[in-house]
Amino acid sequence: MVTITTEVATTARWDDVQHALTGGGDGASCQCIWPVLSNKDWNATTTPQRIEMFRAEIDDGPPPGIIAYVNGEAAGWIRIGPRTRQARVPRTRIIAAASTEPFHDESVWAVTCFVVRREHRGAGLNLELLRAAVDYARNSGARLIEGYPVDTGGERKRTNDLFHGTLGTFLSAGFTEKTELKPGRALVALDLAP
């Protein structure tokens, strides 16, 4: 029997975060720093610099994401946190034009990245990660969560093209599709207000 658990990404879990990110795809080189940098700054960094930046972000807190475990082994990652700490979100024109929420509002959070190790793909980890991320955001005072997933339209996509998550996963977790960002991408939201 498979047991899936989740934990917030703290300094004590750094090795688990790295294990989750390095199981295939771009996670090892990206280090989930892409959402927090402008294109110019991203292009000026190396993988070792991104590792240092990510380590510092986790050390400084609050935790910027959740780790999924399969039978105790780190198997997946999701980035969630206030949009104000994810500089790429308001700088992405299609998101800036589509979102009706003010970008300075700390209570608006965003899900910007999913990574699942190759051997654990197709087992529903993204949905488990997203559900845990929603709970974490709610318990941390978030008012609303946005996501910017890929609408696969039922077609197979390259794994590296799905790091935003899929529309189906967000809808299964209770999010509502607000608008199309561009063909194949949607803006979704989940209102956490009581």
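These legends describe close-up views of a predicted model.

**View 1. An open sheet of seven strands.**
The strands follow the order S1-S2-S3-S4-S5-S7-S6, and their pairing is mixed. Two of them sit at the edges: strand S1 (4-8) and strand S6 (176-182). Each edge strand pairs on one side only. Neighbouring strands in this sheet are turned against each other by 25° on average, direction ignored. In general, the strands of a sheet pair through backbone hydrogen bonds, and they can do so in a parallel or an antiparallel way.

**View 2. Strands S2 and S3 side by side.**
S2 covers residues 65-70, and S3 covers residues 73-82. The two run antiparallel. Six bridges join them. To follow the pairing, find Ala68: it stands opposite Gly76 in S3. In a regular strand, side chains alternate between the two faces of the sheet.

**View 3. Helix H1 across the sheet.**
Helix H1 spans residues 14-21. Which strands does H1 lie across? H1 lies across S2, S3 and strand S4 (108-116). The helix runs at about 100° to S3.

S6 pairs with strand S7 (residues 185-191). The sense is antiparallel, and the pairing extends over five bridges. Thr176 stands opposite Ala189 in S7. Two residues lie between the strands of this hairpin. Look for Gly184 here: its phi is positive, near 90°.

**View 4. A network of salt bridges around Arg13.**
Glu7, Arg13 and Asp16 are linked in a network of salt bridges. One of the links joins the side chains of Glu7 and Arg13, at 3.7 Å from N to O. Are these two residues buried, exposed or partly exposed? Glu7 has 34% relative accessibility, so it counts as partly exposed. Arg13 has 25%, so it counts as partly exposed as well. The whole structure holds 12 salt bridges.

**View 5. A salt bridge between distant parts of the chain.**
The side chains of Glu106 and Arg85 meet in a salt bridge of 3.7 Å, N to O. The partners are 21 residues apart. Glu106 lies in the loop between helix H6 (93-98) and S4. Arg85 lies in the loop between S3 and helix H5 (88-91). Glu106 counts as partly exposed because its relative accessibility is 43%. Arg85 has a value of 43%, so it also counts as partly exposed.

**View 6. The Glu119 and Arg117 pair.**
Here the side chains of Glu119 and Arg117 meet in a salt bridge. The N to O distance is 2.8 Å. Why does Arg117 count as buried? Its relative accessibility is 12%, and buried means under 20%. Glu119, at 47%, counts as partly exposed.

**View 7. Thr169 and its surroundings.**
Thr169 lies in helix H8 (residues 167-172). Its relative accessible area is 15%, so Thr169 is buried. Which residues does Thr169 touch, not counting those up to four places away in sequence? Thr169 touches Asn126, Leu127 and Leu130. A polar contact also joins the side chains of Thr169 and Thr166, at 2.9 Å.

Note on methods:
Residues numbered from 1 in each chain as written. Predicted model: local features only at pLDDT ≥ 70, side-chain atom pairs only at ≥ 80, totals over all residues. Heavy atoms only, no water. Pairing = 2+ DSSP bridges. Helix = DSSP H or I, 4+ residues; strand = E, 2+ residues; numbered from the N terminus. Axes fitted to C-alpha atoms, helices over the stretch in contact; angles between N-to-C directions. Contact = heavy atoms within 4.5 Å. Salt bridge = Lys/Arg side-chain N within 4 Å of Asp/Glu carboxyl O. Buried < 20%, exposed > 50% of the residue type's maximum accessible area, 1.4 Å probe, protein only. Polar contact = N/O pair within 3.5 Å; in protein donor to acceptor, adjacent residues only side chain to side chain.
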